[in-house]
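Here are my notes on the structure you passed along, written as numbered points. Keep the sequence open next to them while you read.

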Amino acid sequence: MALDRAGDIVAAFVAAWQARSGADIAALFSEDGDFVNVTGLWWHGRAAIARPHDYALNSFFAQTTLHAGRTETRQLGPDHALVRCRLTLRGQRGPDGSPAGDRQTIMCFVMARGPEGWQAVSAQNTEVHPNKETHVAQGGAITPTDYRAP
């Protein structure tokens, strides 16, 4: 699916999420597009983007809502742009079925305009941890951490 403007990717991504359609998410990408999720899984090509989104949207993300916040589009030339958006996810369930808390991420889309319009060629989703500076890996867990004095 090609878009009229690079920044239209955000509303289209949210709509595909709400429709619980990995195929609709993947259709926003070029055939050779790639997607890096919040845990660093890196998927190449539409089919590889669609499969895990379908799984997640119909299991642990089945009751979620996704809301777009601050969005910026930076033109990198007439046919390329970077689109960044803060997203809030609500309604996720934990592995035991209990309600999980809200999460915020920043999604970055690299967009390219072709003959049919704009498509994502790459995307990366980064988890936001307010007031933390980095992550620390210890004992098999990765914890958001702040080194500044309390």
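1. Let's begin with T105, whose side chain makes a polar contact with the side chain of N125, at 2.8 Å. T105 belongs to strand 5, which covers residues 103–114. Please remember throughout that this is a predicted model.

2. Is T105 buried or exposed? Its relative accessibility is 7%, so T105 counts as buried, the cut-off for that label being under 20%. Leaving out residues up to four places away in sequence, T105 touches V38, C85, R86, L87, N125, T126, E127 and V128.

3. E127 forms a salt bridge with R103, and the closest N and O atoms are 2.7 Å apart. E127 lies in strand 6 (residues 117–127) and R103 in strand 5, so this pair ties together parts that are 24 residues apart in sequence. As for solvent, E127 has a relative accessible area of 22%, which makes it partly exposed. T105, by its 7%, is buried.

4. The next salt bridge to look at joins the side chains of E133 and R148, with an N to O distance of 3.6 Å. Here too the pair links distant parts of the chain: E133 sits in the loop between strand 6 and strand 7 (134–138), while R148 is in the segment after strand 8 (141–145), and the two are 15 residues apart. Both partners are partly exposed, E133 with a relative accessible area of 42% and R148 with 47%.

5. R70 and E72 make another salt bridge, the closest N and O atoms being 2.6 Å apart. R70 is exposed, given its relative accessible area of 63%. E72, at 37%, is partly exposed. If you want the overall tally, there are eight salt bridges, including R70 with E72, E127 with R103 and E133 with R148.

6. On to the cysteines. How many disulfides are there? The count comes to zero. C85 is in no disulfide, and the nearest cysteine sulfur, that of C108, is 9.8 Å away. C108 is likewise in no disulfide, its nearest cysteine sulfur being that of C85 at 9.8 Å. For a pair to count, the two sulfur atoms would have to be within 2.5 Å.

7. C108, at 23% relative accessibility, counts as partly exposed.

8. A word on D24, found in helix 2 (residues 22–26). At 39% relative accessibility D24 counts as partly exposed. Setting aside neighbours within four places in sequence, D24 is in contact with A16 and A19. R46 is 22 residues from D24 along the chain, and the C-alpha atoms of the two are separated by 9.8 Å.

9. Stepping back to the whole chain: the secondary structure comes to three helices and eight strands. Read along the sequence, the pattern is α-α-β-β-α-β-β-β-β-β-β. Among contacts between residues at least 6 apart in sequence, 47% join residues at least 24 apart.

10. What about overall dimensions? Along its principal axes, the C-alpha trace spans about 50 × 35 × 25 Å. For 150 residues, a compact globule would have a radius of gyration near 15 Å, and the chain's 16 Å agrees with that.

11. Last, the surface. The chain exposes about 8,800 Å², and carbon and sulfur atoms supply 53% of that area.

Terms used
Residues are numbered from 1 along each chain as its sequence is written. This is a predicted model: local features need pLDDT of at least 70, side-chain atom pairs count only at pLDDT 80 or more; totals for chains, interfaces and linings use all residues. Side-chain values use heavy atoms; hydrogens and water are left out. Helices (H or I, at least four residues) and strands (E, at least two) are DSSP runs, numbered from the N terminus. Buried means under 20% relative accessible area, exposed over 50%, partly exposed in between (1.4 Å probe, protein chains only). A polar contact is a pair of N or O atoms within 3.5 Å; within protein, one must be able to donate a hydrogen and the other to accept it, and residues adjacent in sequence count only if both atoms are side-chain atoms. Contact means heavy atoms within 4.5 Å. A salt bridge is a side-chain nitrogen of Lys or Arg within 4 Å of a carboxyl oxygen of Asp or Glu. The radius of gyration is taken over C-alpha atoms; the globule rule is 2.2 Å times the number of residues to the power 0.38. Accessible areas come from the Shrake-Rupley method with a 1.4 Å probe; for residues, only the protein chains shown count as cover.
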